[in-house]
Amino acid sequence: MPINLDHLGELERTHSCGELRASDAGREVVLMGWIAVRRDFGPLTFIDLRDRDGLTQVVFDAEDASAAHARAKEVRGEYVVAVRGEVAARDEGQRNPKLPTGDVEVRAREILVLNEARTPPFQLDAPTEKLAAEEVRLKYRYLDLRRPFFQKTLRLRARVVGEIHRYMDGEGFTEIETPILIKSTPEGARDYVVPSRLYPGRFYALPQSPQIFKQICMIAGLDKYYQIARCFRDEDLRADRQPEFTQLDVEFSFATREQVYRLIEGLLARVFRLVGAELQAPFQRLTYAEALRRYGSDKPDLRFGMELQDLAPALEGTTFAPFAAAIEKGGEVKGLVVRGGAHLSRKALDELQEFAKRYGAGALAWVKLGDELSSSLLKALGEEAVTRVASRAGAEKGDALLIIAGRASVVAASLGALRNEVARREKLIPPNVFAPLWVTEFPMFEFNETEGRFYAMHHPFTSPLDEDLPLFERAVEGGETGLLGGLRAKAYDAVVNGVEVAGGSIRIHRRDVQRLVFKALGLTEEKARERFGFFLDALEYGTPPHGGIAAGIERMLMALTGIENIRDLMAFPKTASAADLMIDAPGAIDPHQLDELHIRIVED
């Protein structure tokens with residue numbers, strides 16, 4: 001049944017609900033917020049009042065303030081109220097050490113009920129393991145965001161962005177906004193397209209990144225550009241992807257890779273100090289090839305060891321078909337040692353095998369060096385060969401060895417993922433440790449076997465290494481396309497704790513080199529002109545050498561906080577199927593709007 005609501009009038013709050021301390025005892029205060037909990041003890045009623053800063057216990061005593069006490073009995077959870085009263089120190093046995101405000105309470109003399117609330121569809125203060133299903137929380141996102149977790153996380157995000165602005169300003173960069181409605185340039189992820197009413201049958205695209213525009217800024221002589229940019233990609237989602245996201249976008253003229261490294265190392269050091277962490281510069285560096293060889297990943301987590309071990313030398317002449325076939329076809333047999341892993345049960349090993357299969361592995365072989373040698377390979381290889389393989393891997397008594405054979409790409413992907421999974425399960429990752437590194441010299445191109453063509457690994461504006469340029473010319477002009485797979489780019493990623501927080505490159509500033517890239521990608525002169533004509537023209541007007549990087553704000557926060565789901569770092573994310581459950585988007589469009597846009601929907 002509705003209750004009569006009060007007017008706030010000109011009343012102003014004096015403190016937040018997380019601010020009061022023992023030193024405030026005796027002070028007259030006004031608090032405002034939501035009722036987290038109400039506890040009724042007859043002549044005494046307690047409420048925990050919550051706002052973004054925390055909780056304060058408020059006491060209503062029938063003897064001291066009968067009207068306020070009676071009014072407090074009418075309120076329920078999530079009602080919005082204002083309370084006026086006096087701060088009092090709690091008795092020794094009544095203090096709550098779990099709350100920053102736990103040494104005090106407010107003895108209320110007045111309460112204004114500013115709004116009522118329906119019973120929430122889920123418990124806001126439930127422990128993490130008992131939270132409602134994510135779909136329910138996303139539908140009622142405005143309630144989910146009231147949880148202290150989000151209040152804290154989103155405020156940290158704001159502090160990170162503020163620190164970025166201060167740092168970039170101090171380094172002499174100019175913040176420049178680039179367009180949101182641009183031209184579609186299908187290469188890589190799919191564009192989100194926007195129909196034009198004024199140009200029937202034509203479409204804008206939402207930017208996947210401001211890449212071309214920031215390069216245009218360099219041609220324009222603006223020298224040092226940055227932007228906190230919104231980007232849009234119509235791609236399949238994962239835990240670390242969303243259809244729209246925010247990135248720090250950076251570009252500057254006459255840049256070398258070393259200058260980019262120093263700039264971003266300084267930025268990340270500043271940002272990580274917000275949580276009391278010190279990143280040691282310069283960061284460790286690994287080439288792309290070395291990262292895959294040693295860790296099976298181009299974004300390795302260096303907080304723990306478990307490097308991949310090449311086992312092929314210990315299997316020379318083997319007749320075991322899976323291993324022999326992999327070696328004969330130019331593939332690999334590799335393993336990783338789990339220190340102290342001899343305790344792993346058969347059930348745990350079966351689970352790890354199923355995990356590895358998600359990444360293309362055919363099977364997972366294992367060796368356990370317990371009190372007795374045990375292995376899934378004993379019958380196939382014999383004890384002597386199994387011992388030799390374990391020795392090659394550096395496994396010792398008490399350890400386990402996990403082995404995968406196959407194509408190099410499959411072995412890297414499956415063992416790289418398995419390495420992280422085992423480290424999580426076995427609690428091998430040390431807490432409060434940050435291990436940053438640069439991964440460098442990415443391939444220029446990667447081959448898509450389904451389509452039978454090469455794609456740019458980063459984007460088509462990335463410069464090849466100077467020493468690889470003659471090879472590039474041979475590959476394109478001489479028709480030796482097989483050489484494209486061996487070309488290296490001036491591309492680099494910053495990685496922290498297995499999270500790719502930033503990626504960039506030195507760009508192509510010469511029209512002849514840019515033409516080679518387009519040709520390698522299968523674009524005819526006409527197609528390149530149609531898609532990038534304005535940019536090719538701009539390259540002919542004195543383009544300086546330049547380079548830059550983009551750092552994902554959400555990715556940065558993932559590394560900073562250890563939060564693994566990108567949706568927990570955004571106020572209003574989409575689901576894994578790119579839907580917004582709160583506003584029910586995407587939604588249908590009015591037929592009149594479709595007519596104006598000259599669009600007809602064809603039903604399957």
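**Aromatic pairs**

I looked up the ring pairs and found 19 aromatic pairs in the structure. The model is predicted, so I read every value as computed from it.

Where do Phe272 and Phe434 lie? Phe272 is in helix H6, residues 257-272. Phe434 is in the loop between helix H12 (408-425) and strand E17 (436-440). The pair therefore ties together parts that are 162 residues apart in sequence.

I then checked accessibility for both rings. Phe272 is at 0% relative accessibility and counts as buried. Phe434 is at 24% and counts as partly exposed. The cut-off for buried is under 20%.

My next pair was Phe320 and Phe323. The centres are 4.9 Å apart and the planes are at 90 degrees, so this pair is edge-to-face. Phe320 has a relative accessible area of 21%, which is partly exposed. Phe323 is at 5% and is buried.

I also noted one aromatic cluster, formed by Tyr261, Phe283, Trp438 and Tyr492.

**Charges over rings**

I searched for arginines over ring faces. Arg141 lies over the face of Phe150, 4.4 Å from the ring centre. Arg453 lies over the face of Tyr455, and here the distance to the ring centre is 3.9 Å.

**Nonpolar cores**

How many residues does the largest nonpolar core have? I read 43. The residues with the most contacts inside this core are Ile164, Met168, Leu248, Val250, Leu268 and Phe272.

H6 gives the most, with eight residues.

I followed up Leu248. Leaving out residues up to four places away in sequence, Leu248 touches Ile164, Met168, Tyr226, Gln227, Ile228, Leu267, Ile549, Ala550, Ala551 and Ile553.

**Cysteines**

How many disulfides does a search of the whole structure find? The search came back with zero.

I checked Cys217. Its sulfur is 14 Å from the closest cysteine sulfur, in Cys231, which is too far for a bond. The cut-off for a disulfide is 2.5 Å between the sulfur atoms. Cys217 is at 8% relative accessibility, so I wrote it down as buried. I looked at Cys17 too, and at 0% Cys17 also counts as buried.

**The eight-stranded sheet**

Eight strands form an open sheet, in the order E6-E9-E10-E22-E21-E20-E17-E11, with mixed pairing. The edge strands are E6 (174-175) and E11 (284-287), and each of them pairs on one side only.

In what sense do strand E9 (residues 224-232) and E10 pair, parallel or antiparallel? I noted antiparallel, over nine bridges. I looked for the bridge partner of Ile228 in E10, and this partner is Leu248. Ile228 was already in my contact list for Leu248.

How values were computed:
Residues numbered from 1 in each chain as written. Predicted model: local features only at pLDDT ≥ 70, side-chain atom pairs only at ≥ 80, totals over all residues. Heavy atoms only, no water. Phe/Tyr/Trp six-rings, centres within 6.5 Å; stacked < 30°, edge-to-face > 60°. Helix = DSSP H or I, 4+ residues; strand = E, 2+ residues; numbered from the N terminus. Buried < 20%, exposed > 50% of the residue type's maximum accessible area, 1.4 Å probe, protein only. Lys NZ or Arg CZ within 6 Å of the ring centre and 35° of its normal. Core = buried A, V, L, I, M, F, W, Y, C linked by side-chain atoms within 4.5 Å. Contact = heavy atoms within 4.5 Å. Pairing = 2+ DSSP bridges.
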